[in-house]
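Hi there,

Here is the structure I promised to pass on to you. Have a look at it first, and then read on for what turned up.

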Amino acid sequence: MLRFIPFAGLLAALLAPSALGAAASSFDLIGPRLDVTVVRDGITLPLERVPNLAEGDHIAIKLAALPGHDEHYRLIAVFLRGAVDRPGKDWFREAESWRPTDSALSLVVPKDAQQMALFIVPERGGGAGAVVSAVRKQPGAFVRAAQELNQASLDRARLDTFLLELQRAERKSPESLANVSPILTHSLAVKLKSECLQQPTEVQSACLTGDRETLLLADTHSSALADTLAGAPTDLAFQLSATPQAGYGSYSSYIGVVRDVFRLFGAFQSTQLQFIPALGQQRDGHVTVLLNTPVSFAKPTSVMVVALPAIEAPKPPPLRQPTPNTMLCASPGLVLPVEGAPLVYATGYAHDMVLRLKRLDGTQAELPVRADPSLGGFVATGDIPFGPFGPVISAQLHGAWGFASFDGPSYVLTKPGDGTWKATDRTALVVGRSNELQLTGGSAGCISQIGLKRGDGPVEPLSWKQADAHNVVTTVPLEQAEPGTVSIVIEQKGVATPTELPLRTLQQAGSVDDLSFHAGDDQATLTGTRLDQVTGVTLGSLSFQPGALTRVGKQDRVALQANNPASAMALAAGTTLPADIGYLGGRHKTLSVTVAPHRVGATLVRVTARAPVRDGVLPITLPDPAVFAQDARLSFAFHLDDPAPLTGRESIEVSTLDGRLSTTIAAGKGYDLQDAKTGIVSINPAEALGPTAYGPLRFRIASDGAGSSWTPLATVVRLPEIHAITCAARKTCKLTGNRFFLIEAVGANAEMQPSQAIADGFVATEIATRAGADGRIFLRLRDAPQAIATVSAP
């Protein structure tokens with residue numbers, strides 16, 4: 001029998017010492033070199049670009065000894081089927097490197113073959129018969145050996161790529177290791193030693209690459225762990241999966257817990273041959289054999305076992321876009337982020353990769369790309385065409401995986417310098433809190449950084465995210481800021497000069513608790529805090545102007561008068577409209593308002609007034625029965641238009657039409673009941689509303705925080721004080737008194753033809769005018785120009 005030894009050594013060399021008890025040697029011994037090409041459908045590829053073999057492939061294998069070495073080797077190839085299927089002798093082929101006419105193998109993959117292995121034997125080890133006999137006696141051991149060695153070679157390729165890229169970054173800039181190493185570990189599924197990044201720069205590389213056999217994580221594309229534990233995360237390194245999958249081993253030679261390998265391969269004992277595992281390092285078109293055990297040329301002679309890719313259907317890499325909703329910038333150095341298949345970085349299996357860009361007319365242009373693990377994706381290697389493309393470009397990664405073509409993830413690109421950034425309309429930054437700011441207009445995919453600049457200070461980086469192709473949202477912290485001006489600084493790829501957007505920072509605006517509006521009303525009510533800052537309100541297409549502000553406890557209340565009362569009163573109950581509340585400084589708040597049902601109404605039955613008698617002041621007559629002097633005592637009666645009775649617990653609100661001035665009259669303090677349907681109210685407008693109250697008044701019934709609809713009451717006017725009138729011949733008269741600025745014009749007849757205008761701001765105490773034939777002088781009052789008052793000369 002033959003002796004098959006160091007799979008234990010292979011596993012021991014690549015697992016942590018804690019898993020084995022002691023570390024063994026790594027695969028750092030260089031053996032012979034192989035030149036392997038594969039031809040399929042007339043296309044020839046080197047083995048480093050072939051992830052899988054297929055039935056009918058033509059394989060050419062040539063063994064080249066190391067320069068300066070004259071040792072002769074025998075090359076034996078075998079095709080394997082299943083663990084219990086003995087390969088026929090015609091599935092073995094032999095080449096002798098020292099014979100010019102027989103130094104290479106030319107093979108065709110037979111039907112039903114699943115694995116392929118190569119055995120490299122020193123010439124003095126004898127003929128191929130012993131190897132053929134061993135394989136045919138224990139085919140399952142060699143099937144497993146081919147699977148595990150193939151997987152181990154792929155894992156070794158990831159580790160080699162990690163070390164190579166890390167060394168390249170260190171040579172270029174040692175300070176870059178802290179940024180590059182996390183990207184490399186994610187790209188290649190390598191475990192990051194984060195503690196190394198806390199050490200001095202000059203020792204970070206040595207720390208990151210130390211004990212490298214413990215670095216690898218599972219590759220969810222190539223490892224059998226991915227099939228056994230579908231969907232499991234890649235940090236299952238060093239955990240054992242005991243379930244075989246489709247004849248494959250359930251652990252990788254680099255990943256797993258050491259098992260009893262002698263149970264797997266049997267105990268081969270021989271004084272003639274010993275089998276040693278070898279990894280195939282594929283680089284620059286060649287396969288270099290790596291060993292962890294020195295080759296023995298004495299008895300027992302070493303047999304190096306090298307696995308070729310499995311004979312199976314192609315498995316394109318499951319590449320995915322890690323941030324599928326993110327736009328990218330179509331600028332020089334474009335990087336297309338991918339994840340899910342570390343072998344696109346560690347091997348040449350993915351080749352002839354391009355990014356297909358969709359033109360406006362539906363045709364495609366191709367941009368060459370290459371995989372770069374230090375950038376975490378594919379980087380463009382050519383110029384990006386712009387001519388026939390729109391502002392947003394749809395693109396897809398495409399290439400070949402061995403002999404098969406495949407499509408990768410899709411991307412959306414935006415062009416640099418496309419559009420101008422600005423803050424969205426009605427943007428306001430508020431001090432004392434963190435603000436979410438939306439920027440619009442530019443190319444979202446081309447932003448590299450957004451910062452905040454306060455005065456002449458440095459630019460502070462801000463967190464931000466894309467909203468769509470032309471909008472981003474950034475968070476602006478202003479918890480400790482004062483009102484004033486700040487700048488948002490936007491740096492973009494492909495644009496040399498950053499964009500600066502100056503924005504005002506304002507004090508916190510008031511809060512809005514409610515905006516109520518009833519069908520049939522021409523006025524709404526806004527409640528909240530700091531409503532003195534409100535400049536206007538729109539409800540759908542209707543606009544309202546703020547009127548008088550009143551405070552009830554800590555809450556403000558503002559009456560809002562519709563600019564178009566007829567349209568406002570036509571709104572139907574139940575209608576939902578968007579409301580926009582404008583504040584000083586350009587800030588806005590929005591909310592949704594549903595039109596409330598019609599209010600209970602009241603009907604005015606009668607209104608009278610009794611003007612006071614004032615010594616030394618001539619009486620002025622107001623002929624319109626709905627117009628009264630401001631200082632008159634108004635008494636009015638109303639009926640309640642509702643089945644519910646008046647109880648006396650309600651109150652009566654009287655206000656000016658614009659809501660600027662108002663008063664509430666309670667029972668026993670000017671409000672009385674005739675019966676359950678009729679109320680009587682008495683009020684002195686000057687006393688209740690103040691000396692500046694004038695114009696139309698209205699009233700409503702208020703009960704339990706709700707009010708009826710407003711009912712027109714009367715018009716009150718402020719009167720001038722006329723102390724004396726003296727007239728000469730031809731009725732030329734002189735009026736003496738005060739507050740003549742309340743008169744708009746004087747005349748001798750009700751038609752005011754002719755009339756004498758009184759200038760704005762008139763503060764003199766005399767007016768010269770003419771009286772009518774009956775001795776009356778007619779006055780057009782500013783508070784009610786439609787009502788012509790009269791005063792009689794003595």
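R739 counts as partly exposed, at 30% relative accessibility. This is a predicted model, so please read every value below as computed from it. R739 sits in the loop between β46 (732–738) and β47, and its phi is near 60°, a positive value in a residue other than glycine. As background, most residues other than glycine have a negative phi, and most peptide bonds are trans.

On the peptide bonds, two cis cases came up. The bond from K299 to P300 is cis, with omega near -5°, and P300 belongs to the loop between β10 (286–291) and β11. The bond from Q753 to P754 is cis too, with omega near -5°; here P754 lies in the loop between β47 (743–747) and β48 (755–757).

Back to the helix that A189 follows. Helix α5 covers residues 177–188, 12 residues in all, and reaches 16 Å from its first C-alpha to its last, close to the 16 Å expected at 1.5 Å a residue. Its buried residues are L177, V180, S181, L184, T185, S187 and L188. They lie on the same side of α5 because they cover an arc of only 160° around the axis. The face turned away from that buried side carries the exposed residues N179 and H186. The general rule behind such patterns is that an α-helix has 3.6 residues a turn, so residues three or four places apart point the same way.

How many of the seven residues of β11 (301–307) are buried? Seven of the seven are, so to speak a strand that is mostly covered. Both faces of β11 are covered: T301, V303, V305 and A307 are buried on one side, and S302, M304 and V306 on the other. Strand β8 (residues 115–122) runs antiparallel to β11 and is joined to it by four bridges, with A117 standing opposite A307.

In one, four strands follow the order β19-β21-β25-β24 with antiparallel pairing. Its edge strands, β19 (422–423) and β24 (464–468), each pair on one side only. Within this sheet, β21 (residues 434–440) and β25 (residues 471–477) are paired over seven bridges in the antiparallel sense, and L439 has V472 of β25 as its bridge partner.

The other open sheet has four strands in the order β35-β37-β41-β40, again with antiparallel pairing. Here β35 (601–610) and β40 (671–673) are the edge strands, each pairing on one side only. Neighbouring strands of this sheet are turned by 20° against each other on average, direction ignored. Six bridges join β37 (residues 633–641) to β41 (residues 678–683), which run antiparallel; in β41, T678 is the bridge partner of H639.

One single residue also deserves a look. L506, in strand β27 (residues 499–506), is buried, with a relative accessible area of 9%. L506 and A428 are 78 residues apart in sequence but 7.2 Å apart in space, C-alpha to C-alpha. Leaving aside residues up to four places away in sequence, L506 touches A428, L429, V430, V431, G585 and R587.

Finally, the overall numbers. The protein has 11 helices and 51 strands, and 50% of its 794 residues count as buried. Among contacts with a separation of 6 or more, 65% are between residues 24 or more positions apart. The accessible surface comes to about 36200 Å², and 51% of that belongs to carbon and sulfur atoms.

Best wishes, and enjoy exploring!

Definitions and conventions:
Residues are numbered from 1 along each chain as its sequence is written. This is a predicted model: local features need pLDDT of at least 70, side-chain atom pairs count only at pLDDT 80 or more; totals for chains, interfaces and linings use all residues. Side-chain values use heavy atoms; hydrogens and water are left out. Two strands pair if DSSP finds at least two bridges between them. Helices (H or I, at least four residues) and strands (E, at least two) are DSSP runs, numbered from the N terminus. Axes are lines fitted to C-alpha atoms, for helices over the stretch in contact, and angles run from 0 to 180 degrees between N-to-C directions. Buried means under 20% relative accessible area, exposed over 50%, partly exposed in between (1.4 Å probe, protein chains only). Contact means heavy atoms within 4.5 Å. Accessible areas come from the Shrake-Rupley method with a 1.4 Å probe; for residues, only the protein chains shown count as cover. The expected span of a helix is 1.5 Å times one less than its number of residues. The arc is that of the directions from the helix axis to the C-beta atoms.
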